Amino acid sequence: MQVRGALQSRRSCRRPAVSPPENGGPTFYFLPPSAALANARRYRRGVKQLSARLDGLGVTIFADMAQLATSTGAINLGQGFPDQDGPDVIKDAARRAIAEGHNQYPPGLGIPALREAIARHQHRFHGIDVDPEREVVVTTGATEAIAAAVLGLVDPGDDVLVLEPYYDSYRAVIQMAGARHRAVTLRAPDFRLPVDDLRAAVTPRTTAIVLNTPHNPTGAVLTADELAAVAQVAVEHDLVVISDEVYEHLTFGVPHVPIATLPGMAERTLTISSAGKTFSFTGWKVGWATGPAHLVSALFGAKQFLSYTSGAPFQHAVAEALDLPDSFYSSFTADLRRRRDLLCAGLRSAGFEVFVPDGTYFATTDVAALGFTDGLEFCRSLPTLAGVVAIPHQVFFDDRPDGSNPGRTLVRWAFCKRDAVLTEAVERLRLISRLN
């Protein structure tokens with residue numbers, strides 16, 4: 001059965017929308033006892049203040065911690081952006097595109113030169129062949145690609161599997177789509193995929209998996225066996241896979257394998273990536289998705305009513321960047337690995353329990369080793385304690401019914417910074433161990 005047909009068939013026989021969710025989580029078809037209170041909070045003096053789609057989402061932790069870094073002057077190891085620009089050759093390409101007049105709306109799917117470059121990239125690095133005319137779409141960063149994919153493929157009442165801890169936009173956009181996320185938890189110290197939990201998380205309402213490897217925030221890279229298990233579940237239950245692979249080139253000694261390359265997966269997978277992480281131009285917000293034409297079309301169906309298009313000169317620059325020689329990719333990864341090792345050694349010397357990542361920009365520590373019992377409280381006090389900002393894992397986990405949280409004492413640190421910044425941050429963090 002084709003994926004589209006399977007989804008339509010499943011939706012036609014789904015249980016009534018008034019059925020309560022089996023395992024908690026947001027849904028707009030079952031109102032919990034506190035719904036009346038939540039509804040009242042959306043109104044102030046009779047004027048609606050907030051959509052139900054945003055209930056419980058609040059301000060993203062990244063905005064919160066960035067503001068804290070700015071207001072205190074702390075070193076920001078929270079957000080995943082480099083503190084140095086990428087190669088001059090890419091900046092020169094952007095300047096040239098501006099000078100040549102590429103400053104108006106580009107096509108909604110992206111300029112042909114970039115879509116062709118993305119297709120070449122997929123073949124060159126992963127052996128994936130895609131049609132740049134029908135199977136590639138350019139987006140305003142990977143976050144928009146994920147949002148548009150969920151909005152274009154997920155219906156109200158659907159269940160969507162996510163790996164927990166999860167990038168916070170996954171839960172947000174799933175909730176905005178009127179669906180429910182079901183978390184499959186990766187646990188310290190190794191953050192491996194619990195395959196039995198993955199299988200158990202599937203319900204009759206499950207229609208999609210949002211996969212993330214290399215994984216943010218843990219830095220785990222799914223193994224061949226783990227990917228095979230995800231593929232087996234997706235094929236067995238006829239699920240769409242929305243695969244966030246923005247850190248595809250940032251792995252350290254382990255391979256990244258796109259799940260679309262596994263048997264039975266090409267026809268059901270949207271592969272998402274971006275230029276921001278690979279080339280150190282996160283502010284340009286140039287992302288993309290590749291996959292079968294019907295899934296790309298669904299994504300674009302939602303995207304056209306979001307940004308429609310953006311970044312005309314940057315699209316031209318990224319088209320050139322994707323054709324940089326292998327030496328660029330290998331040297332960039334090697335340098336990032338060196339900075340990972342610098343930060344991890346420093347954190348360990350400051351008394352933290354450190355979980356060394358296999359990929360991404362991020363290392364994770366357990367602050368319980370220093371006597372702290374709450375990562376969020378630790379991160380909020382850290383600018384005052386040591387003049388450093390980090391990100392607590394617990395906001396990327398669901399709170400359990402008993403109030404526990406598997407990420408309660410875990411904290412994420414970004415190592416995509418200059419050596420001097422990392423060294424200074426570690427020196428400041430050593431103050432904490434002295435206080436204890």
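1. Let me start with Tyr 308, which sits in the loop between α11 (293-303) and α12. Helices here are DSSP runs of H or I with at least four residues, strands are E runs of at least two, and both are numbered from the N terminus. Phi of Tyr 308 is near 60 degrees, a positive value in a residue other than glycine. Tyr 308 is partly exposed, because its relative accessible area is 38% (buried means under 20%, exposed over 50%, partly exposed in between, with a 1.4 Å probe and protein chains only).

2. A word on the source: this is a predicted model, in which local features need pLDDT of at least 70, side-chain atom pairs count only at pLDDT 80 or more, and totals for chains, interfaces and linings use all residues. Residues are numbered from 1 along each chain as its sequence is written, and side-chain values use heavy atoms, with hydrogens and water left out.

3. Asp 238 also has a positive phi, near 55 degrees, in a residue other than glycine. Look for Asp 238 in the loop between α9 (224-237) and β8 (240-244). Asp 238 counts as buried because its relative accessibility is 10%. As background, most residues other than glycine have a negative phi, and most peptide bonds are trans.

4. Two cis peptide bonds deserve a look. One joins Glu 164 and Pro 165, with omega about 5 degrees; Pro 165 lies in the loop between β5 (159-164) and α7 (168-176). Another runs from Ala 188 to Pro 189, with omega near 10 degrees, and Pro 189 is in the loop between β6 (180-185) and α8 (195-201).

5. For the overall picture, the protein chain has 15 helices and 15 strands. Of its 436 residues, 55% count as buried. Among contacts (heavy atoms within 4.5 Å) between residues at least 6 apart in sequence, 75% join residues at least 24 apart.

6. Helix α5 (residues 112-126) has 15 residues and spans 21 Å from first C-alpha to last, close to the expected 21 Å (1.5 Å times one less than the number of residues). Its buried residues include Leu 114, Ile 118 and His 126. Among the elements covering the buried residues of α5 are β4 (136-139), β9 (269-274) and α13 (326-349). After α5 comes Gly 127, with a positive phi near 70 degrees.

7. How do α3 and α14 pack? Helix α3 (residues 61-72) meets helix α14 (residues 375-386) at an angle of about 25 degrees, with the axes 9 Å apart. Axes are lines fitted to C-alpha atoms, for helices over the stretch in contact, and angles run from 0 to 180 degrees between N-to-C directions. That angle makes α3 roughly parallel to α14 (under 35 degrees). On the α3 side, Ile 61, Asp 64, Met 65, Leu 68 and Thr 72 meet Leu 376, Cys 379, Arg 380 and Pro 383 of α14.

8. Gln 394 is in the loop between β14 (391-392) and β15 (410-414). Gln 394 counts as buried because its relative accessibility is 9%. Leaving out residues up to four places away in sequence, Gln 394 touches residues including Asp 374, Asn 405 and Arg 408.

9. Finally, the cysteines. A search of the whole structure finds zero disulfides (a disulfide being a pair of cysteine sulfur atoms within 2.5 Å). Cys 344 counts as buried at 2% relative accessibility, and Cys 416 counts as buried at 1%.

Conventions: Angles under 35 degrees count as roughly parallel, over 145 as roughly antiparallel, 65 to 115 as roughly perpendicular and the rest as oblique.
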